[in-house]
Amino acid sequence: MKNEIATNPAYRKVVAALDDCEKRYDGLIKWTGATNDLRLSSTVAILKGEVEQRRRLEVELLTAVEAERQRIGQDLHDDLCQRLGAIALLIGSLAKEVSVLDPKLGGKVAKIPSLVTETIESCRNLARGLHPVTLATAGLPAALAELAARVPANVKFEWPHSERIDFEPMLALHLYRIAEEAVANAVKHAGAKSITIGLAILAGRPVLEIKDDGKGIAQKLKTEGMGLRNIQYRANVIGGDLTVEARKGGGTCVRCTLPLRRSKS
C-alpha cells in the first residue's frame, strides 16, 4: 500500500514541493541575520507566505494520500472481496460434485472455501484500515473502538459515554489517522504490549491521547520518522497542538489538543 501511495503522481508532486519549501526556509532563516530593518521586514513577510504555502501543500498531500487509500480500500472491498466470494461458492459446489466420484479428494476440495473465506476477512480488514467506513456511518468514537479491536495488541479505547463527541468529517478523519499512526508506531517501533486510546473534551478542548507501555521513541524517529511527520502534518492541518512525551515508568504519550470548541446554539 505504501509503495502505491509513494508512486502516486500527486503525492510525489506535493512531497517535492515540500522539499523545496524546506530549502527556501533555510535560505530565509540565514537571511534574517541581516541588520537592515527593511530587509528583515521583507524577509519576515516572505517567510509568512512560505508558511501559508507549506500549509496548503500539506493539505494537498494529505488529500492525495486519502484519495489513494479510499480508492484501494474500495477496490479491495467492492471488487476483490466479491470475486473471492464467488470463487468460494464455485469451489463449494465443485467439492460436492467431486465427492460423488472421489470422497477423499472431495474432502480436500471442501476445505478450500473456508480458506478463501479467511482471505476475504483479511481483505475486509485491510479495506477498513484504508478507508474507515465506520467513521462516516457511526462517528469517530465507534471508528476508534473498531481500530482498537483490529490491532493485534492489547489496545483499549476510552471516552466519556455521557458526553456527546461529534466532529466535522474531515476533522474526524485526521484524528482517526493520528490515532492509527500513533498505535502503529507503538506496536512496530516501541514494542508496546498495552496501548490506550483516549478521546475527551477537557475545558472545552477536544483531546486525543494515545499512551503505550513500550520502550519509547528514539530521537531519530522523532525527527526523521515518516509516521510522526505524518501525525504532525495532520495536527497542523486541523490546528491542533501535538506533543510526544515520555511517560513516567516507560512508554510514550502522543497527545493532540484541538482549539476551544464553541458551543452550538
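Let's start with Asp212, which is buried yet has no salt bridge. In this predicted model, the nearest side chain of opposite charge belongs to Arg247, and that is 6.0 Å away.

If you want to find the spot on screen, look for strand 3, residues 205-212, where Asp212 has its place. Leaving aside residues up to four places away in sequence, Asp212 touches several others, among them Ala186, Ser194, Ile195, Gly250 and Thr252. Arg247 is also one of the residues it touches.

Now let's step back to the whole chain. It has 265 residues, and 38% of them count as buried. You can trace 10 helices and five strands along it. Of the contacts with a separation of 6 or more, 67% are between residues 24 or more positions apart. The accessible surface comes to about 15800 Å², and carbon and sulfur atoms hold 56% of that.

One last stop: the aromatic rings. How many aromatic pairs does the count give? The count is one. That pair is Phe157 with Trp159, stacked, with 6.4 Å centre to centre and 20° between the planes. Are these two buried or partly exposed? Phe157 counts as buried because its relative accessibility is 17%, while Trp159, at 23%, counts as partly exposed.

Conventions
Residues numbered from 1 in each chain as written. Predicted model: local features only at pLDDT ≥ 70, side-chain atom pairs only at ≥ 80, totals over all residues. Heavy atoms only, no water. Helix = DSSP H or I, 4+ residues; strand = E, 2+ residues; numbered from the N terminus. Buried < 20%, exposed > 50% of the residue type's maximum accessible area, 1.4 Å probe, protein only. Lys, Arg positive; Asp, Glu negative; His and termini not counted. Salt bridge = Lys/Arg side-chain N within 4 Å of Asp/Glu carboxyl O. Contact = heavy atoms within 4.5 Å. Areas by Shrake-Rupley, 256 points an atom, 1.4 Å probe, with all protein chains shown as cover. Phe/Tyr/Trp six-rings, centres within 6.5 Å; stacked < 30°, edge-to-face > 60°.
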